[in-house]
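Here's a quick tour of a multi-chain model, meant to be read with the viewer open. Have a look at the sequence and the coordinates before going on.

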Amino acid sequence: MAISIGELAVQFGCELRGDPDTCVDHVATLAGADARALSFLANPRYKSQLAQTAAGAVVLDKASAAECPTAALICQNPHATYARIAAVLHPRPHGPAGVHASAVVAESARIDPTAHIGPSCVIGERVVIGPRTYVGPHCVLEDEVTLAEDIYLAARVTLCRAVQVGARTIMQPGAVVGGDGFGFASEQRRWVKVPQVGTVRIGPDVEIGSNTTIDRGAVEDTIIEEGVKLDNLIMIAHNVRVGAHTAIAALTGISGSTTIGKRCQIAGEVAIGGHLTICDDVVFLGTTMVSHSITEPGVYSSGIPLEKATVWRRMVARFKRLDRLEARIKKLEGDTAPAPQNQEEDDD
Amino acid sequence: MAISIGELAVQFGCELRGDPDTCVDHVATLAGADARALSFLANPRYKSQLAQTAAGAVVLDKASAAECPTAALICQNPHATYARIAAVLHPRPHGPAGVHASAVVAESARIDPTAHIGPSCVIGERVVIGPRTYVGPHCVLEDEVTLAEDIYLAARVTLCRAVQVGARTIMQPGAVVGGDGFGFASEQRRWVKVPQVGTVRIGPDVEIGSNTTIDRGAVEDTIIEEGVKLDNLIMIAHNVRVGAHTAIAALTGISGSTTIGKRCQIAGEVAIGGHLTICDDVVFLGTTMVSHSITEPGVYSSGIPLEKATVWRRMVARFKRLDRLEARIKKLEGDTAPAPQNQEEDDD
Amino acid sequence: MAISIGELAVQFGCELRGDPDTCVDHVATLAGADARALSFLANPRYKSQLAQTAAGAVVLDKASAAECPTAALICQNPHATYARIAAVLHPRPHGPAGVHASAVVAESARIDPTAHIGPSCVIGERVVIGPRTYVGPHCVLEDEVTLAEDIYLAARVTLCRAVQVGARTIMQPGAVVGGDGFGFASEQRRWVKVPQVGTVRIGPDVEIGSNTTIDRGAVEDTIIEEGVKLDNLIMIAHNVRVGAHTAIAALTGISGSTTIGKRCQIAGEVAIGGHLTICDDVVFLGTTMVSHSITEPGVYSSGIPLEKATVWRRMVARFKRLDRLEARIKKLEGDTAPAPQNQEEDDD
């Protein structure tokens, strides 16, 4: 879709430098752009590419505008403005309204006539699907699932019994919402399955990545609040609550009954224990192990950057004999000074 | 489904305090329960909620019974008894016997007439499916898969060629059992695929979580023994054997040809190396890296709890210059005492 | 399929010791083999089993041939030769040419008549599928996907819009290629979705494991070069490039815009940060955290092997009070020698 940059400036509140009749029809990187492309500069990492860009126009902030060799759309937040323009130039494909002939739909399901139900979908009893919602091919919606309006389930999404999803939420292929939580009672060294009778409630404007799994609650519900963004291959266990506008990167796991605050940023491969409370505005860096509750906003970490393996093995060996190092210091202290107080073992 | 607590007491061998005619029809938490709800107290964490509960009845142990303000079902193991009662109050939905019209079933498959085969399932040649087994929508069973009785495949489960599954085993959506193991021969710095000709044998009473993957054996079979419980997004590599009644939490990976003992408890994001043997009754705490075999039951760990990132960076920096600290101690020892024996480098 | 070892020796360039008319029809381990089985010895771990083997023939190298009690196929690289022979004895099942009646295929798709499209597949507009390519049951190929020849998509693989796949590439069940990258602009502490308009290009001879996810590029493409082998449950983020013949084990994640070199070997549960460049021929051991670019080939690590939890907790406690240890050394140095230079805090 082609659009003039004059129209974009008006629609997105940008200051325009350049010919308003210049048309763009796709987005590109600064380095890869041609005269029909819109590009942007948000990350200073790419600033060196600005002077050479052949883009039709660049979205950027006032401070960078002077260095732009082509038309400029100047705004306060170039990344967000670029995102909105890109959505105009590259609209998400949307299937036709109606139910594909190969879908299997229960008689009691109520599907808005503007919704799209793709090939081979299975829609259970009493499911409700709102206006303009897109249910891509091979989605399975078990009984009593409720989808609000303008939802986008890309393909092969499974929503188990009674899962509720808010407006404009997007799910990538392979996501599973509402599988049984991992709940077992121990009895004579065997496991007795605890029925998982809660469900999952997902707010509006959420995004759920490919093959991510969110388990249903054991008794009450697992809750994902509005605006939460979940990357791929994330595990959200039963009875977790993730606070509004929190973003979580891939391969992170949150154990059962933990509450994550609002606006947290959780990097990849983070491991968060069960029954914890993490306050608002917490950042966990990659691979952090979260074993206790956090009450103070801030950045937390427990990951150790790599070394050459030969160097690393010696470091680990030293680490593992720190007790001997401590003993040697104690001995030195005994030799040179009054005996220090015994260093207590902190065994927690 | 409504049932009197008198009947529950008889059926599950509990001592009853309260009116046996009180009826309950669902489960709830102590805090969230109403007069028609059955609740339970197993975790002391929730004891403070007992005094205020409005539940119709509470399952608990003798020690807590005196503090229960409502009817009590007293037993030795409240969690296990609750689990069994919950399964009566909330029976798992089960589709009708027979094969859905949209399923594609090979002529040579033998499906018990009491089994349920859901919409869009694909059932290969010589597949055998036992009595009362539930194959949910979109399951794919490749040739020669064998399912015993009372199995429950929730939805979208893939069982590759010749996988065998024992009675009463449950699989959550998206599980893949029997994909090719990750086996390649190195040749002139390229990889030659090694055909994976074994399969996967899964015992009875196993549970497999959403999007978990279990690879088929390279030559012999990958084996999951009876009663094993696997959470979501777990990776079990080829030729692994997981011992009976072991439970494994999400995002844990077990590398090829490793044997895990019986009744182990493995937390989330644990990384277990290949060709290891872990004995019975081992516990691995979250994020543990298991790089050698374990011969002694017990609790093992290698995870480091988080710190504020500013503090953590200093800790890591100190850790990485432990060699300098050691050199300074050695120097001090030289100054104050006879030279100590050279501290050997433990490079393993 | 039965074949004489004389024929195998000719076909795979082995030196034969034993009766060329001996026939084998399957592969087995040295310990599990019978007279109709071909076995192999590549890993010295299994050498002790050679003397007792009942195999019809064993593939091994010259150095081990003297100890072989049965017919021997002698070659330089027994593992690779075994792999090729196993592929002859156990050919991958391949469905009939043509499109299954239950598949939903867009009119504009061009499918080679020798390709197989399985039950319930969904094939979008302008999709191109090459000769002899196998698209297993329940695969979803969105619009404009291109598959070259001899590809094998086992089952339930999702390829999103415009994904390109090279010849002979294999994908295991549940793989998702081309889901949206995790791209959001921050605006007033909320997230604005950045459309992901790139796609994924996958070279020839690649293997992608079960439930692994590869995200489409934000603007340009995510690229997996020829011969790359990806295990299960791996996350490849948007705009990553993985170099030719690199192998990556399960549960590893690579963050956005990172480039991995050729012939790297990356173990399981490794976490690789974003915008990094890893040179060719790098090895990362299991659970390594990669937080900066690597310019020198070699083996890198940051994983710490486990200990008994009681011992481990004391180690962590000591680690966390290294500052106090350092202070005590400084004090000793003050007592015994001229004041040392202040040890700067390395806060990076």
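**Chain A as a whole**

Keep in mind that this is a predicted model. Chain A holds five helices and 40 strands. Its radius of gyration is 27 Å, well over the 20 Å that the globule rule gives for 348 residues, so chain A is more spread out than a compact globule. Along the principal axes, the C-alpha atoms of chain A fill a box of roughly 85 × 60 × 35 Å. Of the 348 residues in this chain, 55% count as buried. Take the contacts in chain A between residues at least 6 apart in sequence: 20% of them join residues at least 24 apart.

**A sheet that takes in a strand from another chain**

Now to chain B, where there's an open sheet of 12 strands with mixed pairing, running in the order E8(B)-E11(B)-E14(B)-E17(B)-E20(B)-E25(B)-E28(B)-E31(B)-E34(B)-E37(B)-E39(B)-E40(C). Which strands stand at the edges? They are E8 (98–99) of chain B and E40 of chain C; each has a single partner strand, so one side of each is left without a neighbour in the sheet.

At one end, E8(B) runs parallel to strand E11 (residues 116–117) of chain B, with two bridges joining them.

**Around strand E5 of chain C**

Strand E5 (residues 37–40) of chain C is buried on both faces: C:Ala37 and C:Ser39 point one way, C:Leu38 and C:Phe40 the other way, and all are buried. Strand E4 (residues 26–27) of chain C pairs with E5(C) in the parallel sense over two bridges. E5(C) also pairs with strand E6 (residues 57–60) of chain C, again in the parallel sense, over three bridges.

Here are some bridge partners from the strand pairs above:

| Residue | Bridge partner | Strand of the partner |
|---|---|---|
| B:Tyr300 | C:Lys308 | E40(C) |
| B:Val99 | B:Ile117 | E11(B) |
| C:Val27 | C:Leu38 | E5(C) |
| C:Leu38 | C:Ala57 | E6(C) |

**Helix H1 of chain B**

In helix H1 (residues 5–12) of chain B, B:Ile5, B:Leu8 and B:Ala9 are buried. They cover an arc of only 100° around the axis, which puts them on the same side of H1(B). B:Val10 and B:Gln11 are exposed on the other side. The elements of chain B that the buried residues of H1(B) pack against include strand E1 (3–4), strand E2 (15–17) and helix H3 (78–89). After H1(B) comes B:Gly13, with a positive phi near 65°.

**The core**

The largest nonpolar core has 228 residues, and those with the most contacts inside it are A:Leu153, A:Val177, B:Leu153, B:Val177, C:Leu153 and C:Val177. What does C:Val177 touch, not counting residues up to four places away in sequence? Its contacts are C:Leu159, C:Cys160, C:Val163, C:Val200, C:Ile202 and C:Ile214.

Note on methods:
Residues are numbered from 1 along each chain as its sequence is written. Chains are lettered from A and ligands numbered from 1 in the order in which they are written. This is a predicted model: local features need pLDDT of at least 70, side-chain atom pairs count only at pLDDT 80 or more; totals for chains, interfaces and linings use all residues. Two strands pair if DSSP finds at least two bridges between them. Helices (H or I, at least four residues) and strands (E, at least two) are DSSP runs, numbered from the N terminus. A residue is buried if 20 or more other C-beta atoms lie within 10 Å of its own, exposed if 12 or fewer, and partly exposed in between; C-beta atoms are placed from the backbone. A nonpolar core is a set of buried Ala, Val, Leu, Ile, Met, Phe, Trp, Tyr and Cys residues joined through C-beta atoms within 7 Å. Two residues are in contact if their C-beta atoms, placed from the backbone, lie within 7 Å. The arc is that of the directions from the helix axis to the C-beta atoms. The radius of gyration is taken over C-alpha atoms; the globule rule is 2.2 Å times the number of residues to the power 0.38.
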